[in-house]
Amino acid sequence: MTESVLDAITVSVWRGNARQGGFQDFQVPQQPSQTILDVVTWIQRHLDASLSYRFACRVGMCGSCAMMVNGIPRWTCRTHVKKVMQDNRLSIEPLRNLPVIKDLACDMSEFFEKWKRAEGHFSGRDTRAQPVAKISPTDNARRAADAAIECINCAICYAACDVVAWNSEYLGPAALNRAWSLQNDARDGRQAERLQAVSADGGCLQCHSQQGCATFCPNQLNPTASIAGLKRLASVNFLHKKYRERYG
Amino acid sequence: MVELRLYLAQRISAAIIAPLVLLHLGVMIYAIQGGLSADEILARTRGSLFWGGTYGLFVLAVALHAAIGLRNIMREWWQVTGPLLTGLSWVFGLGLLAAGMRAVAAVVGTS
């Protein structure tokens, strides 16, 4: 099939660095089953080799290629052009709420630092000398952990969150969702420390339950529900502690 | 733990405000069905321990709830922090409490 001018998409790509930048327009031919990542790759290979962006797996597993597409955070490797294009135009920007390195690549350091601050790592309660823990897949806590576990760290929820935009200390939906998953893992041994970390200033209590994270999560996770779980856990834990202090 | 205390205080105050608003609206709609003047309403509320307690509790809960909410807004939207944030929240909360209690006194006061 020959490509006519009518088949071209006008793509406005954000170019620049942490200090300055702006949109640059490119004409990209339409292809069947074309994804946003295909468009960006086509621009880099055929029009401007200096365009910087990040990707790895191209199949929605690694969480590397998230960008703002027409103002909405999306995983670009699994987003079809036909579904999001408006009047044959696309705008592609780096993820919101993260510092830009260059063009479409942003610095994910603070995103992962916040995972650490939220105690987002598994810390086994048992040693290898002990028998393997038996956990029923139908156990309520395990179900809650499973519901939150399929996060691919794409930072789409982080970009969608207004609280992150307002408060740079806020841990964000992904880190808190991870913390909730671990709080429900019976094998984890740092639940008291983690609960303290996520109830501190900048933690789960700052969430306004606007649900931008749940709306845009490409894996249909619901970080708002996870954060609500953490709020409940923190509140109940605090009241229990106060009751024990007073009445023994 | 300040954040957690404020979070709980705001939720508990909301749980107090919600039924009191419904009580206020319900009684108001019920009471005026036959036509009641302001004097007739005040004749029923003046000296009433029940209405004094109800509206006093409502004002207290609102002052607490609104001051914590405004504190959040000041932090997030205007980046106010530290003693200024605490001071402004207290001023707003106490101002609301004083204005509310003055209104309660006017409704239940006997003088």
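Across the interface of chain A and chain B, four residue pairs are in polar contact, both residues of each pair being at pLDDT 80 or more. A polar contact is a pair of N or O atoms within 3.5 Å; within protein, one must be able to donate a hydrogen and the other to accept it, and residues adjacent in sequence count only if both atoms are side-chain atoms. Two elements give two or more residues to the side of chain A that touches chain B, namely α6 (162–166) and α10 (223–247) of chain A. The largest share, six residues, comes from α10(A). By class, this side of chain A has six nonpolar, three polar and three charged residues. Here Ala, Val, Leu, Ile, Met, Phe, Trp, Tyr, Cys and Pro count as nonpolar, Asp, Glu, Lys and Arg as charged, and the others, Gly among them, as polar.

The structure is a predicted model, in which local features need pLDDT of at least 70 and side-chain atom pairs count only at pLDDT 80 or more, while totals for chains, interfaces and linings use all residues. Residues are numbered from 1 along each chain as its sequence is written, chains are lettered from A and ligands numbered from 1 in the order in which they are written, and side-chain values use heavy atoms, with hydrogens and water left out. Helices (H or I, at least four residues) and strands (E, at least two) are DSSP runs, numbered from the N terminus.

## Contact between the chains

In all, 12 residues of chain A are in contact (heavy atoms within 4.5 Å) with 10 residues of chain B. The size of an interface is often given as the accessible area lost when the parts come together. Between chain A and chain B the buried area is about 1,300 Å², and carbon and sulfur atoms give 61% of this. Buried area is the accessible area (1.4 Å probe) that two parts lose on being put together, summed over both. In chain A, the residues that lose the most area to chain B are A:Trp166, A:Leu205 and A:Phe238, together 44% of what that side buries.

## Salt bridges

Side chains of opposite charge can pair when their charged atoms come close. A salt bridge is a side-chain nitrogen of Lys or Arg within 4 Å of a carboxyl oxygen of Asp or Glu. A search of the whole structure finds 16 of them over all chains. The count between chain A and chain B is one, and B:Arg75 and A:Asp201 form a salt bridge of 2.8 Å, N to O. In chain A, A:Arg142 and A:Asp146 also meet, at 2.9 Å, N to O. These two residues are four apart in helix α4 (residues 140–148) of chain A, so about one helical turn separates them.

## The sheet of chain A

Five strands of chain A form an open sheet with mixed pairing, in the order β2-β1-β5-β3-β4. The edges are β2 (21–29) and β4 (72–75), each with a single partner strand, so one side of each is left without a neighbour in the sheet. The twist averages 35° from one strand to the next. Two strands pair if DSSP finds at least two bridges between them.

| Strands | Sense | Bridges |
|---|---|---|
| β1(A) and β2(A) | antiparallel | nine bridges |
| β1(A) and β5(A) | parallel | four bridges |
| β3(A) and β5(A) | antiparallel | two bridges |

Among the bridge partners, A:Thr10 has A:Gln27 in β2(A). In β5(A), A:Leu90 is the partner of A:Val11, and A:Glu93 is the partner of A:Met68.

Notes
Axes are lines fitted to C-alpha atoms, for helices over the stretch in contact, and angles run from 0 to 180 degrees between N-to-C directions.
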